[in-house]
Amino acid sequence: VVSTQSTGRIEDGRNYVRSSQNCSQVWVSMIVTEDSKLKLTHKGKEYEEIFQHLGDHDMVFIYAKIITGDEVSRRDKFVLITWVGPGVSAVKKGKMLLPRAEIDRIFEQRAKVIEATDLAELDYDKVTDILVKAGGADYGKSTS
């Protein structure tokens, strides 16, 4: 059984990302601790900041807001990213499966789940395309 170190803090992280007052590409990251607890580790206001927390030997859950559309039809899309660095052992990967139900419960409001092992898979434009396709109608950005 997995227990979160502080469910309140994790939920505070979710609320931080979901807040309509945060107009930027906000995100939070979480890790599974040695004693199999979920721990909020970082938060940021720009998508590109995520990459400094994703090493070859890291396992990280990230919940992020990506803004799609244009100034007339802005859409906040939410994505749950599971990062497993290429140097993570099979035993350590197994530990990440333990809190999955808790993660899914807390971060149930999302357009897509992306599981990545290569930083190229998390390129901002790629993730935005995935979210737009998952979201139905796409009117693109206004060019007038």
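Patches are made of residues with over 30% relative accessible area and no salt bridge, with like charges joined within 9 Å. A salt bridge is a side-chain nitrogen of Lys or Arg within 4 Å of a carboxyl oxygen of Asp or Glu. The model is predicted: local features need pLDDT of at least 70, side-chain atom pairs count only at pLDDT 80 or more, and totals for chains, interfaces and linings use all residues. Residues are numbered from 1 along each chain as its sequence is written, and side-chain values use heavy atoms, without hydrogens and water.

E46, E48, E49, D123, D125 and D129 form a negative surface patch. One of these residues, E49, lies in the loop between β2 (38–44) and β3. A positive surface patch consists of R9, K39, K43 and K45. R9 belongs to helix α1 (residues 7–18).

The table lists relative accessibility; buried means under 20%, exposed over 50% and partly exposed in between (1.4 Å probe, protein chains only).

| Residue | Relative accessibility | Class |
|---|---|---|
| K65 | 0% | buried |
| E49 | 31% | partly exposed |
| R9 | 44% | partly exposed |
| E108 | 59% | exposed |

K65 is part of strand β3 (residues 59–68). A polar atom of the K65 side chain lies 2.9 Å from the backbone oxygen of S19.

E108 is in the loop between α3 (100–106) and β5 (112–116). Its C-alpha atom is 9.8 Å from that of F78, and the two residues are 30 residues apart along the chain.

Helices (H or I, at least four residues) and strands (E, at least two) are DSSP runs, numbered from the N terminus.

Note on methods:
A polar contact is a pair of N or O atoms within 3.5 Å; within protein, one must be able to donate a hydrogen and the other to accept it, and residues adjacent in sequence count only if both atoms are side-chain atoms. Patches are made of residues with over 30% relative accessible area and no salt bridge: like charges are joined within 9 Å, nonpolar side chains (Val, Leu, Ile, Met, Phe, Trp, Tyr) within 5 Å. Accessible areas come from the Shrake-Rupley method with a 1.4 Å probe; for residues, only the protein chains shown count as cover. Lys and Arg count as positive and Asp and Glu as negative; His and the chain ends are not counted. The place of a charge is taken as NZ of Lys, CZ of Arg, CG of Asp or CD of Glu.
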